[in-house]
Amino acid sequence: MNELYEKINKSIEDHVDDYMAMVKQMYDHPELGFQEFETQKLLTAYLEKAGFDVKKGVACETDYVAEYKSSKPGPVIAFMCEYDALPEVGHGCGHNLIAGIGIAAGEALKSIADDIGGTIRVMGTPAEENFGGKVHMANAGLFDDVDAALMVHPGTKNGLGGKSNAINPVKFEFFGKNAHGCHPQEGKSALDAAVMTYIQINLMRQFLEPNTFIHGIIRDGGGAANVIPAYASMEYYFRAPTMKYALEMTEKAKKCAEGACLATGTTFKTSIYECPYEDTLVNYTLADMLKEKYEMLGLEDIQPVNEVGGGSTDVGSVSYKCPTIQGGIKIAGDEVAGHSKEMACATVSPEGKAGLVNAAKGIAYIACDLITQPEKLKAVQDEFKKATQSH
Ligand SMILES: [Zn+2]
Ligand SMILES: [Zn+2]
């Protein structure tokens, strides 16, 4: 093992109790997306003390950018920290551990940065679960000068990350006319338009591309059974392997609503009610590097790149700005579900701690290689350029 890796190990092992104390603090006091004020304070206080130049609330109120510019030129490497929790299950997605991993990797790199050069950025990316902190940060240009963005998500498998679906969240609102339930001829039912749209979207499914998902609910369907509803609304997610196709599905669904409105004499409008997420662009060169590092660390059963993205993540937006990887680290057995209290518990277990150490080492080694081996960085960036040009 080379000397630089040994320094990385030492930094992470020397501070691991501090990292786990922060992970536990977040576990005990989970904060939902865009409400992570205490968490932001906790993490940025640590990073300031560790010698980073910290800015808070750069693109959204609860984000942060902690930078260490070394004395020598070199690439900009970002470590992304998520830290938003979920209602009821707290840190059931393990984002508290992601924050620990990012800070551990950043501090380790900082310990060698003046020898090897480059700029280290620990980026606090809030509200992954709902409002897409990374989308706002990416749109604000915070990843434009980043040469590679690295992170690891905890779960039930060690893995090299993978694709994720683009998601377009669309609200449909229908407008009709109230009338007494016994004089329906004087009214126009917005609910009927919503129900017909719902059914027509379901009928449309078999004509869609594979690996696409549409799920929706009726949010408003009227106030009383004896009143013809003048207003109804539905909320939908359109998910597809690319944003282009998610938008295409959205347009098809609007046609369903048009037909329903024609039939019921109502009107409708649509709006985007949550943050749309891009699909994730995989960087296979980074994935190969993570595999090599995980093997070096003795991790087993490493899952290859997941080619069929199931869910969606705001990491997608970053992946179109710079080469990006979101690896996976096992902290619990297969019986533990994602978004569960059991998964939250795993973040503060011995397995969580081991996961933090291995994941932080893995991405810190990658960062070290990207700074010290220009040909590696070039390979990562050439792949990124090729993939984004053909997109
Ligand atoms: Zn989640
Ligand atoms: Zn998550």
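**View 1. The buried side of helix H2 in the predicted model**. Within H2, the residues Thr-39, Gln-40, Leu-43, Tyr-46 and Leu-47 are buried. Because these residues cover an arc of only 140° around the axis, they lie on the same side of H2. Across from this buried side, the face of H2 that is turned away from it carries Ala-45 and Lys-49, both of which are exposed.

**View 2. The packing partners of H2**. The buried residues of H2 pack against the helices H1 (3-28) and H3 (95-116), and they also pack against the strands E1 (53-56), E2 (64-69), E3 (76-81) and E4 (119-124).

**View 3. The length of H2 and the residue that follows the helix**. Helix H2 comprises the 13 residues 37-49, which at 1.5 Å a residue should span 18 Å, and the distance of 18 Å between its end C-alpha atoms therefore agrees with this expectation. Just after H2, Gly-51 adopts a positive phi of about 100°.

**View 4. The crossing of helices H1 and H10**. Two packed helices are described by the angle between their axes and the distance between the axes. For H1 and H10 (residues 350-372), the axes come within 9 Å and cross at roughly 140°, so the two helices are oblique to each other, and their crossing is right-handed.

**View 5. The residues that meet between H1 and H10**. On the H1 side, the contact involves Leu-4, Tyr-5, Ile-8, Asn-9, Ile-12, Val-16, Tyr-19, Met-20 and Val-23, which meet Gly-352, Lys-353, Leu-356, Val-357, Ala-360, Lys-361, Ala-364, Tyr-365 and Cys-368 of H10.

Definitions and conventions
Residues are numbered from 1 along each chain as its sequence is written. Chains are lettered from A and ligands numbered from 1 in the order in which they are written. This is a predicted model: local features need pLDDT of at least 70, side-chain atom pairs count only at pLDDT 80 or more; totals for chains, interfaces and linings use all residues. Helices (H or I, at least four residues) and strands (E, at least two) are DSSP runs, numbered from the N terminus. The expected span of a helix is 1.5 Å times one less than its number of residues. A residue is buried if 20 or more other C-beta atoms lie within 10 Å of its own, exposed if 12 or fewer, and partly exposed in between; C-beta atoms are placed from the backbone. The arc is that of the directions from the helix axis to the C-beta atoms. Two residues are in contact if their C-beta atoms, placed from the backbone, lie within 7 Å. Axes are lines fitted to C-alpha atoms, for helices over the stretch in contact, and angles run from 0 to 180 degrees between N-to-C directions. Angles under 35 degrees count as roughly parallel, over 145 as roughly antiparallel, 65 to 115 as roughly perpendicular and the rest as oblique. A crossing is left-handed if the near helix is turned anticlockwise from the far one by less than a right angle, and right-handed if clockwise.
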